[in-house]
Amino acid sequence: MWMLNNAATYAGSWPNSRIFRFAIDYAGHARAVVLSGREEATKVELLLALYVPVQRQFFGWPWSRARHAVADHRAFAETIARISGEPSTP
């Protein structure tokens, strides 16, 4: 919830709208997963699938970010599609 409420504080100064959108999408979808009625194991799996590409793109070494940029964005988009396509209650 903090990430969503404070997005302007931590992401407003980023020069690239794509990276800004990446952070906002992560925060929103992570919050949706946490609040969903999915089983805990499924929540953990989805949160990890969201976290890994975001973590590498924001906190990884520059060569790692560049090398994995396309794959990370693709994996992130696939996870969002999976979250959106699954029912939120078992």
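Helix axes are lines fitted to C-alpha atoms over the stretch in contact, and angles between N-to-C directions run from 0 to 180 degrees. Helices themselves are DSSP runs (H or I, at least four residues), numbered from the N terminus, and strands are runs of E of at least two residues. The structure is a predicted model, in which local features need pLDDT of at least 70, side-chain atom pairs count only at pLDDT 80 or more, and totals for chains, interfaces and linings use all residues. Residues are numbered from 1 along each chain as its sequence is written, and side-chain values use heavy atoms, with hydrogens and water left out.

The protein contains five helices and zero strands. From the N terminus, its elements run α-α-α-α-α. Of its 90 residues, 30% count as buried (under 20% relative accessible area; exposed is over 50%, partly exposed in between; 1.4 Å probe, protein chains only). The protein exposes about 5,800 Å². Carbon and sulfur atoms supply 61% of that area. Accessible areas come from the Shrake-Rupley method with a 1.4 Å probe, and for residues only the protein chains shown count as cover. Contact means heavy atoms within 4.5 Å. Among contacts between residues at least 6 apart in sequence, 54% join residues at least 24 apart.

Helix 3 (residues 17-35) packs with helix 5 (residues 62-85) at an angle of about 35°. Their axes are 11 Å apart. The crossing of helix 3 and helix 5 is left-handed; the near helix is then turned anticlockwise from the far one by less than a right angle, whereas clockwise would be right-handed. On helix 3, the contact is made by Arg 18, Phe 22, Asp 25, Tyr 26, His 29 and Val 33. On helix 5, it is made by His 73, Phe 76, Ile 80, Ile 83 and Ser 84. By class, this contact of helix 3 with helix 5 has six nonpolar, three polar and two charged residues. Ala, Val, Leu, Ile, Met, Phe, Trp, Tyr, Cys and Pro count as nonpolar, Asp, Glu, Lys and Arg as charged, and the others, Gly among them, as polar.

The structure holds three aromatic pairs. Rings of Phe, Tyr and Trp (its six-membered ring) pair if their centres lie within 6.5 Å; planes under 30 degrees apart count as stacked, over 60 as edge-to-face and the rest as tilted. The ring centres of Phe 22 and Phe 58 are 6.1 Å apart and the planes lie at 15°, so this pair is stacked. Phe 22 lies in helix 3 and Phe 58 in helix 4 (residues 40-59), so the pair ties together parts 36 residues apart in sequence. Phe 22 counts as buried, at 4% relative accessibility. Phe 58 is partly exposed, with a relative accessible area of 21%. Phe 22 also forms an edge-to-face pair with Phe 76, at 4.7 Å centre to centre and 75° between the planes. This pair links helix 3 to helix 5, across 54 residues. Both Phe 22 and Phe 76 are buried. Phe 22, Phe 58, Phe 59 and Phe 76 form one aromatic cluster.

Arg 56 and Ala 69 are 13 residues apart in sequence and 8.8 Å apart in space, C-alpha to C-alpha.
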